Amino acid sequence: MIEIQGVSKSYHGDIKAVDNIDLSIDAGRIFGFLGPNGAGKTTTIKMITGILSPDSGDIILNGKSIIKEPFAAKSCFGLVPDDPNIFPRLKGLEYLRFLGDVYKVPADIRAERIKKLASRLSLTDALG
């Protein structure tokens with residue numbers, strides 16, 4: 001569940017990107033942000049994910065505040081960024097290990113899963 005409570009965000013002190021929004025998205029629901037450029041869609045998503053901090057209000061992800069409990073809140077979701085500049089810098093194996101760290105998959109289990117799935121998908125040679 002995502003709860004946005006009285007969230008606002010300004011840039012340079014005077015440009016209101018998001019102005020006191022309240023929103024509740026129930027677990028299992030698919031939700032999309034639609035609107036013109038400058039409407040606050042990307043800013044809101046960046047605040048939900050903790051990339052940006054709101055000027056006021058709070059964002060609760062599965063009962064965890066992104067402000068007060070950022071690590072617990074961030075463990076509740078996955079994100080595909082609009083500017084994936086990390087991907088070209090990592091080998092496939094490095095990226096899979098990174099995700100294993102993010103989701104706290106023990107190293108031995110992670111290694112076995114990577115080996116098994118890479119073999120099944122004929123990707124073993126591509127991971128390097």
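**A buried lysine and the salt bridges of the model**

Lys9 is buried, with a relative accessible area of 12%. This value comes from a predicted model. Lys9 belongs to strand S1. Its contacts, leaving aside residues up to four places away in sequence, are Ile15, Lys16, Ala17, Val18, Thr43, Met47, Ser53, Pro54 and Asp55.

One of these contacts is also a charged pair. Side chains of opposite charge can pair when their charged atoms come close. Lys9 forms a salt bridge with Asp55, and the closest N and O atoms are 3.7 Å apart. Lys9 sits in strand S1, whereas Asp55 sits in the loop between helix H1 (41-48) and strand S3 (56-61), so the pair ties together parts that are 46 residues apart in sequence. The two partners can be set side by side by accessibility. Lys9 is buried at 12%. Asp55 is partly exposed, with a relative accessible area of 48%. The cut-off for buried is under 20%, so the 12% of Lys9 counts as buried.

The structure holds 4 salt bridges. Among them is the Lys9 and Asp55 pair. Another joins the side chains of Asp19 and Lys16, at 3.8 Å from N to O. Asp19 is exposed, with a relative accessible area of 53%. The cut-off for exposed is over 50%. Lys16 is partly exposed, at 49%. Lys64 and Glu69 also meet in a salt bridge through their side chains, at 4.0 Å from N to O. Lys64 counts as partly exposed, at 33% relative accessibility. For Glu69 the relative accessibility is 33%, and this residue counts as partly exposed.

Strand S1 spans residues 2-11 and includes Ser8. Ser8 counts as buried, at 6% relative accessibility. A polar atom of the Ser8 side chain lies 2.7 Å from the backbone nitrogen of Asn20. Asn20 is also one of the residues that Ser8 touches, when residues up to four places away in sequence are not counted.

Terms used
Residues numbered from 1 in each chain as written. Predicted model: local features only at pLDDT ≥ 70, side-chain atom pairs only at ≥ 80, totals over all residues. Heavy atoms only, no water. Helix = DSSP H or I, 4+ residues; strand = E, 2+ residues; numbered from the N terminus. Buried < 20%, exposed > 50% of the residue type's maximum accessible area, 1.4 Å probe, protein only. Polar contact = N/O pair within 3.5 Å; in protein donor to acceptor, adjacent residues only side chain to side chain. Contact = heavy atoms within 4.5 Å.
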